[in-house]
Amino acid sequence: MLSYPASIPLSTRSLNHVADLIRSHRHQRRSRWRRLAPGRQALLVLAHLRNGDTFTRLATGFEVGVATAWRYVREAITLLATTADDLHQAMSRIRLLAYAILDGTLIPIDRIHDQKPYYSGKHRRHGMNVQVIADPAGRLVWASAALPGSAHDLTAARTHGIVAALTSANVMTFADKAYQGAGGCVRTPFKRHRYRPKLSRRQKAVNKAHARIRALGERAVATLKTWKVLTRLRCSPSRTTAIVQAILALHHVENPTYRG
C-alpha cells in the first residue's frame, strides 16, 4: 500500500491539549505500555477529526491495527467531550453578547438502526440534528447534543432548553423561519400564511435586514463542518454527540475567545 505525508490545518495547541488529556488519563489508569505515545495518539485523533481519515488509513500511517486506531480515537473523543461546555456554562458568555444567532444543521450519517427517526424531510437525507449558537461576528460559541434528523429545529431548541435559557438571560436572538413560534427573545422573519398572503414593504425590509444578520450564523455552521469527519459520519448515530462535543472543545482550544 502506498503512503504519503500529509498536513493537518491545526496549531500545536490542539496537539498539546489532546496529548495532555491522554497522558493524564493513562496516568490515572496506570497504563504501562501503549503502541503509541500520547503525542502520536493525539496526532492520530486530530487526523481523524480534522481530515476525516478512516481507521484503515490511520492504521496504515501510524503502523497500528485498525482496532487499535478505533480504540485510540474513541478514547480521546470521550476525554475531549467531557471538557466541552454545557449550555449553562456557555450562557455565562452568551449573555454578554449584543445578540446571538441560532441555527440548526444536519450531520449526515450512513449507519442507521431504524430509518424513520433519522430521516430529515427538509434535507431529504438521514442525519442528526445539531443546534448552533453564534455571536454577532458569526463565530461559533456553542453546539448542542445531537438529536435524530427527523426532529424539527424548534423542537430541538426547546428540547435542549435553548429558547428558555436565551429568554431567561434576555439575549436577543435571530433565527430563521423554522423557529417561528419560539417566543421569548427569539426573533424570526415575517412569513406569508393563509391570513397574510402578501408581505408589506416594511415587512419585506425587516426580513431583508434580518436575513443579513442571520447569514452570519452560517459561518458558525461552516466552521463546525470544516472538521471533515462531520461530512458523513460512518459510526453509530449514538456517537454523534460525543464527536460534536469533542470538536467544540478543540475549536475553543484553537480559538480561545469563548473558552471557559
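First, a convention: axes are lines fitted to C-alpha atoms, for helices over the stretch in contact, and angles run from 0 to 180 degrees between N-to-C directions. Helices (H or I, at least four residues) and strands (E, at least two) are DSSP runs, numbered from the N terminus. This is a predicted model, where local features need pLDDT of at least 70, side-chain atom pairs count only at pLDDT 80 or more, and totals for chains, interfaces and linings use all residues. Residues are numbered from 1 along each chain as its sequence is written, and side-chain values use heavy atoms, with hydrogens and water left out.

Now the pair. Helix α1, residues 12-29, and helix α11, residues 240-254, have axes that come within 8 Å and cross at roughly 130°. That makes α1 oblique to α11; angles under 35 degrees count as roughly parallel, over 145 as roughly antiparallel, 65 to 115 as roughly perpendicular and the rest as oblique.

Which residues meet? From α1 they are R13, S14, H17 and V18, and from α11 they are L250, V253 and E254. Contact here means heavy atoms within 4.5 Å.

On to the whole protein, which has 11 helices and seven strands. Its C-alpha atoms fill a box of roughly 70 × 40 × 30 Å along the principal axes. Of the 260 residues, 46% count as buried, that is, under 20% relative accessible area with a 1.4 Å probe, protein chains only. Among contacts between residues at least 6 apart in sequence, 61% join residues at least 24 apart.

Terms used:
Buried means under 20% relative accessible area, exposed over 50%, partly exposed in between (1.4 Å probe, protein chains only).
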